[in-house]
Amino acid sequence: MSAPLEGRVAFITGVARGQGRAHAVRLARDGADIIGVDICADVSSMDYPNASPADLDETVKLVEEQGRRIVARQADIRDYAGLESAFGEGFAEFGRVDIIIANAGIVRLTPEADPLREWHDIIDTNLSGAFHTVRVALPAMRAAGRGGAIVLTSSSAGLKGTGSAQAGPQAYTAAKRGLVGYMQVLANDLAPDWIRVNTIHPTGVATGMVMNEAMQRLTADPDADMSTMQNALPIPILQPEDIANAVAWLVNDEQKYITGVQLPLDAGFSVR
């Protein structure tokens, strides 16, 4: 029996670690080859380190251990030309793209240092970066006439905003909510081509964006009210593989009628 994604190609951003790596490995296990990009460099306005080139190499190793191929490149999704070039190298290798996962993102929840820069870096990465990701790959997907699946990684913040005076959380929530509107426009536009578009909305996930010294200091601060960021189910944080399992389900042809959906993967966060 063939794997459900045998012969497909997935384009994934933020692939060097965390959710992006988990998506790449899980979809490879399901038969897909991968075009993956990651900035592999820090964003100076953020307060935690991004993935490294060594992390990207590890993702390549893990995908190849699944018996699949991967073209992995360093690219900043804020840089349209650079992202287009990276995608082009992968498309030249595989000759198709069936799945687009706009996953890369950043956040700053600790007190702001340069609020204007923090706002613009988060919006440019989390919202404009998703637009760039879709824009560079969609023409090839559409021209092939085979349909496809696009998944935009939003957040529980894209469903329910919580109060903050800081630029980082404000920008993060604005960007993640903006992805919902972008998804709905795409879902309507691409439905005649059998290209499905959905957002996923994870709660906290154990990735480098969350598991770092800055976040540890924030959660240990008695003056920081973290109660509004708690899940309904008695689990404090999810694993990247939990999200990848849901995405693998969503892009499978068995879900061929699911489009325009905001899928909570949030342990009940949005109903609290």
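The protein chain exposes about 11,900 Å², of which carbon and sulfur atoms supply 52%; accessible areas come from the Shrake-Rupley method with a 1.4 Å probe, and for residues only the protein chains shown count as cover. This is a predicted model, in which local features need pLDDT of at least 70 and side-chain atom pairs count only at pLDDT 80 or more, while totals for chains, interfaces and linings use all residues. Residues are numbered from 1 along each chain as its sequence is written, and side-chain values use heavy atoms, with hydrogens and water left out.

**Overall form**

Seven helices and seven strands make up the elements of the protein chain (DSSP runs numbered from the N terminus: helices are H or I of at least four residues, strands are E of at least two). Their order from the N terminus is β-α-β-α-β-α-β-α-β-α-β-α-α-β. The C-alpha trace spans about 55 × 35 × 30 Å along its principal axes. Of the 272 residues, 52% are buried (under 20% relative accessible area; exposed is over 50% and partly exposed in between, with a 1.4 Å probe and protein chains only). Among contacts (heavy atoms within 4.5 Å) between residues at least 6 apart in sequence, 77% join residues at least 24 apart.

**Helix α1**

Helix α1 covers residues 18-29, and its 12 residues reach 17 Å from first C-alpha to last, close to the 16 Å expected at 1.5 Å a residue (the expected span is 1.5 Å times one less than the number of residues). Because 10 of its 12 residues are buried, α1 is largely enclosed by the rest of the structure. Among those buried residues are Q19, R21 and H23. Just after α1, G31 takes a positive phi of about 110 degrees.

**T153**

T153 is found in strand β5, residues 148-153. T153 counts as buried because its relative accessibility is 5%. Leaving aside neighbours within four places in sequence, the contacts of T153 include Q19, A102, N103 and K176. Q19 is also one of the buried residues of α1.

Most residues other than glycine have a negative phi.
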